[in-house]
Amino acid sequence: DTTVSGARTFASTLRGRVTNRFRPTARAAMELRIMRMYRTIIWTFVFMPLTVGCADEPSPEDRLQAHIEVLANEGRPPVEFVLELLQEHDLILFDDANHSALEPFEFYRELVRTPGFQEKVKYIFLEAVSMSEQEGLDAYLSSEPEDVSLLYTAFQNDFSGEGWSYQSYYDLMHEVWEANRSLPEQYRLEVVAANAPVYWSAIESPKDIELFRAGLSSADYTQYRTILSRLERFADGHKGIYLTNTRHAYKDIRDVGGIPFLNAGTFFYLRHPGKTASVRFHNVVLNVLRERPPTTDVRRTTAGMESFSYSWGRVADGLWDEAFAAHGNSPVALSLHGNVFGEAPYEGNHMHHAAPGQTMLDANDAVIFLAPLEDLHRSGKNGAMYTASFKPELARRLELLYTPEQLRLVIESAGVSAIEAYIDATYVSEPPTPLPQVRAAEPIDTWRSSGGAP
């Protein structure tokens with residue numbers, strides 16, 4: 001949701017320069033420092049006295065050691081941890097932190113291969129796929145021999161309009177197809193498209209796109225009801241996992257007035273206590289600093305990130321990263337309940353209007369660490385889905401998604417003169433690459449001078 005596909009350098013190109021769009025501006029970096037200073041002041045002078053009385057603030061070494069001890073005493077191998085969660089909960093919401101992140105999908109594939117998971121889980125719910133594309137998912141999973149082209153329409157008709165081309169999704173679907181070949185019918189996994197319908201054939205004007213995007217304001221409720229219906233309100237004993245990201249997986253983050261942001265995970269948390277668990281994969285965190293009206297030269301997107309000033313940072317200013325490093329940087333899963341990890345001040349995409357004093361435990365129940373941030377990757381891209389029959393439709397959509405002047409500049413920036421050549425040059429297969437957002441994060445030892453928070 002936070003990484004917009006197609007014309008990746010569009011905003012900077014219109015300003016006559018090419019920049020790394022994941023690197024925060026000087027203003028954004030300053031706003032983040034001010035926000036964190038405010039958070040530290042609130043924590044130090046309001047919430048810390050309520051919890052630790054007049055005790056002296058622990059030294060950086062003591063704070064780090066407290067995290068290392070929790071990892072040593074409570075950390076679990078990730079697959080075992082998830083299987084244990086499934087003993088207690090019927091639905092696990094996985095927050096991949098960034099839809100393009102590769103490592104969470106490698107973990108999902110490992111789960112699918114695990115007999116204990118196959119015995120417990122019936123459904124894999126996908127946030128990134130519209131429910132109107134369920135037929136394609138079902139056709140692929142029942143194909144003999146395997147026919148990956150049956151998935152193309154499902155990923156062509158995504159919410160951005162440009163196609164959902166992350167190879168990680170194709171690889172996961174293949175893993176499910178492979179597993180189902182050897183499973184008895186009653187244990188075969190079903191992949192369910194959980195998000196709102198998308199009918200690009202009915203979108204014929206920029207006004208239609210505006211209406212379509214406005215309708216997505218209720219997408220979290222749609223996701224909640226779709227999953228709840230398939231699980232028969234948790235009455236049939238079937239279990240599932242929901243593959244989503246931060247803005248849909250939160251449990252109970254509240255605004256300054258104390259009203260919960262109604263993410264899909266929040267509907268489950270408030271209405272079905274104990275039935276679900278929210279698990280975040282450790283990654284950079286999106287810090288939304290403020291809302292900003294987009295300028296006329298910036299293309300509007302379904303993700304809407306052009307309406308915010310934001311930056312990417314490390315959870316707890318890098319303290320978690322140092323603790324994981326001291327633990328050997330080996331994969332580990334950890335509950336956030338009753339420990340210093342869960343007490344870390346909340347950071348995320350609601351920061352700019354979230355009530356102070358909230359913690360990472362308010363957002364998620366657990367965290368899974370797979371690798372150091374510097375070793376994480378963005379998924380490769382599947383260029384084969386941009387078939388000869390789809391490319392004219394993609395050209396039609398691009399002419400709706402951009403103004404004529406915007407589209408002209410985007411095409412010129414690719415060094416071509418026609419939209420067909422632009423599509424051929426842009427929508428292609430790509431290998432995995434280092435996750436670019438990591439480059440924008442602060443140094444790992446920033447926490448040593450930030451003070452205050454656990």
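**Close-up views of a predicted model**

**View A. Helix α3 packs against helix α14.** In this predicted model, helix α3 (residues 60-74) and helix α14 (residues 319-326) pack at an angle of about 55°, and their axes lie 9 Å apart. That angle makes α3 oblique to α14, and the crossing of the two helices is right-handed. On the α3 side, Arg63, Leu64, His67, Ile68 and Leu71 take part in the contact, where they meet Leu319, Trp320, Glu322, Ala323, Phe324 and Ala326 of α14.

**View B. Phe105 and Tyr169 form one of the 27 aromatic pairs in the structure.** The ring centres of Phe105 and Tyr169 are 4.5 Å apart and the ring planes stand at 45°, so the pair counts as tilted. Because Phe105 lies in helix α5 (residues 103-113) and Tyr169 in helix α9 (residues 167-182), the pair ties together parts that are 64 residues apart in sequence. Both Phe105 and Tyr169 are buried, and both belong to a cluster linked by ring pairs, whose members also include Phe94, Trp164 and Phe281.

**View C. Tyr123 and Phe125 form a tilted ring pair.** The rings of Tyr123 and Phe125 have their centres 5.6 Å apart, with their planes at 35°, so this pair is tilted. Tyr123 is buried, with a relative accessible area of 7%, and Phe125, at 0% relative accessibility, also counts as buried.

**View D. Arg181 lies over the face of Trp177.**

Conventions:
Residues are numbered from 1 along each chain as its sequence is written. This is a predicted model: local features need pLDDT of at least 70, side-chain atom pairs count only at pLDDT 80 or more; totals for chains, interfaces and linings use all residues. Side-chain values use heavy atoms; hydrogens and water are left out. Rings of Phe, Tyr and Trp (its six-membered ring) pair if their centres lie within 6.5 Å; planes under 30 degrees apart count as stacked, over 60 as edge-to-face and the rest as tilted. Helices (H or I, at least four residues) and strands (E, at least two) are DSSP runs, numbered from the N terminus. Buried means under 20% relative accessible area, exposed over 50%, partly exposed in between (1.4 Å probe, protein chains only). A charge sits over a ring if NZ of Lys or CZ of Arg is within 6 Å of the ring centre and within 35 degrees of the ring normal. Axes are lines fitted to C-alpha atoms, for helices over the stretch in contact, and angles run from 0 to 180 degrees between N-to-C directions. Angles under 35 degrees count as roughly parallel, over 145 as roughly antiparallel, 65 to 115 as roughly perpendicular and the rest as oblique. A crossing is left-handed if the near helix is turned anticlockwise from the far one by less than a right angle, and right-handed if clockwise. Contact means heavy atoms within 4.5 Å.
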